[in-house]
Amino acid sequence: MCLTMTPRNLSLRLVAVATLLLALDGCVNLDDAAGLSKLSDEARISLPRVSNDVAGTCARQNILFENTPSAERPPNEQAQDCKPYREIADHLAKDENVLADYFDALGKLASNQPMGYDATIETNVAATGANSALSANAIAAGNDAQSILKSLADAATKGYREKQLGQLIQQTDPAIQSLTQSLKKVITVNYATLLSNEELSLDTFYQGPMASAQPNERLALILVQRQYAQDKTALQSRKDDIAAYGKIMDDIAALHTKLKQEADKKASIVEICKQVRPIVLSLKAALADIQSRSK
Amino acid sequence: MKTKTPAAKTPTPVPQASTTLSDDQMQALAQSFHDIAVEIGQVRLNAITAGSKLTDPAIVQLQGYVYSLMNVAAGFAMQAANLTLANADQAVNQISLATKAADGALEKLQNIDKAVSIASSVIVLAMAISTKDPGQIESAAKSVAKSAGLAI
């Protein structure tokens, strides 16, 4: 067996390896494999667009309420107080940010860059503190987010590098699984109820006056019908966002499970690329889906 | 040797265990109140289609109930995580039976006064839940069932 290699043979081998890596979408480390940093950037844009609407739906319902003539509603009836919903939306945005921070940190570790999270971690941990006015799912999400932040703080303090990546993934997996499922439930179940309320508000706002329209109000009726249809379309688009959000959370959980499995097996980068690629593509599509609807 | 027989103890009442409602139970309550709001909205719309005015007192009252029930549903869905009830499962059962009866009765209802009566009893039930008093919840749940025509 020949143990020495001529410079020409070595160059050929390097070219062959580089070609293989390029064929695998440029996978040279885990960050390339899973596109962790890019995913984290996309998540920071798309996820709050959905969760912010926990407060948005309250504001829209109040507009409908205020535009209902006072003679058509009980005098003691008040518009909703949207402050608690804004607090919940802020809380969810912080939890989503932790998720994005985490994947960004994985990306940095994977490409052996320093994490540099010390400054933000303290603030975020304090900001996600318990809020008794939240649903159980929102509270669970907050606790998981804190646990992930503590792991990140620990990793930053101990100066983790690429070789400790598997350790971090294994350590945070239960919290990632729990956080993604809690966020999914807050949006697909709790927030979905708020949107159902908004749909009822819309129906109540438009259908009554439309049903009592006089024959000489024909043209005005057509305009109102169009506005109603437009509002219903916007509502449907928000319902579609709920489905996409649920899929994103499932995909993030599946991606992390896969990364953990590959870390357990000490798999090669090429193998990790192969394993996570379908999930990453699905995740990118769902994130883009939300962004395309919000344009 | 004589053995002492223990003195007969007077039975002490066993305190009812308080349980915090699970998120699924909270969501089920939210859904029930939302569904009733939808049915009341439909009764209101049917009445308007049949010729009632938007400003008729009963129509205005139904509109108010729709708002109130939606607020109750939203509260259960997103905020009130700390609802702890004595005999929670039993209470949730009573509420569930009552709200199902109300939902079912409203579905085919044409009589607007009857709808007002059912809706008002459901609002009282929502207020009873917020007091966390099992007695009030049971009594309010019975009233809902009664106004919906269910004998319990």
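The model is predicted, and local features need pLDDT of at least 70, side-chain atom pairs count only at pLDDT 80 or more, while totals for chains, interfaces and linings use all residues. Residues are numbered from 1 along each chain as its sequence is written, and chains are lettered from A in the order in which they are written.

Select residues 36-51 of chain A, which form helix 3, together with residues 269-293, helix 10 of chain A; helices are DSSP runs (H or I, at least four residues) numbered from the N terminus. Their axes, lines fitted to C-alpha atoms over the stretch in contact, lie 9 Å apart at an angle of about 45 degrees. That angle makes helix 3 of chain A oblique to helix 10 of chain A, since angles under 35 degrees count as roughly parallel, over 145 as roughly antiparallel, 65 to 115 as roughly perpendicular and the rest as oblique.

Next, select Ile40(B) and Leu69(B), the residues with the most contacts inside the largest nonpolar core, which has 113 residues. Such a core joins buried Ala, Val, Leu, Ile, Met, Phe, Trp, Tyr and Cys residues through C-beta atoms within 7 Å, buried meaning that 20 or more other C-beta atoms lie within 10 Å of the residue's own. Helix 8 of chain A, residues 165-211, gives the most to this core, with 15 residues.

Finally, show both chains: their contact takes 30 residues from chain A and 29 residues from chain B. Helix 8 of chain A gives the most to the side of chain A that touches chain B, with 13 residues.

How values were computed:
Axes fitted to C-alpha atoms, helices over the stretch in contact; angles between N-to-C directions. Helix = DSSP H or I, 4+ residues; strand = E, 2+ residues; numbered from the N terminus. Buried ≥ 20, exposed ≤ 12 C-beta atoms within 10 Å, placed from the backbone. Contact = placed C-beta atoms within 7 Å.
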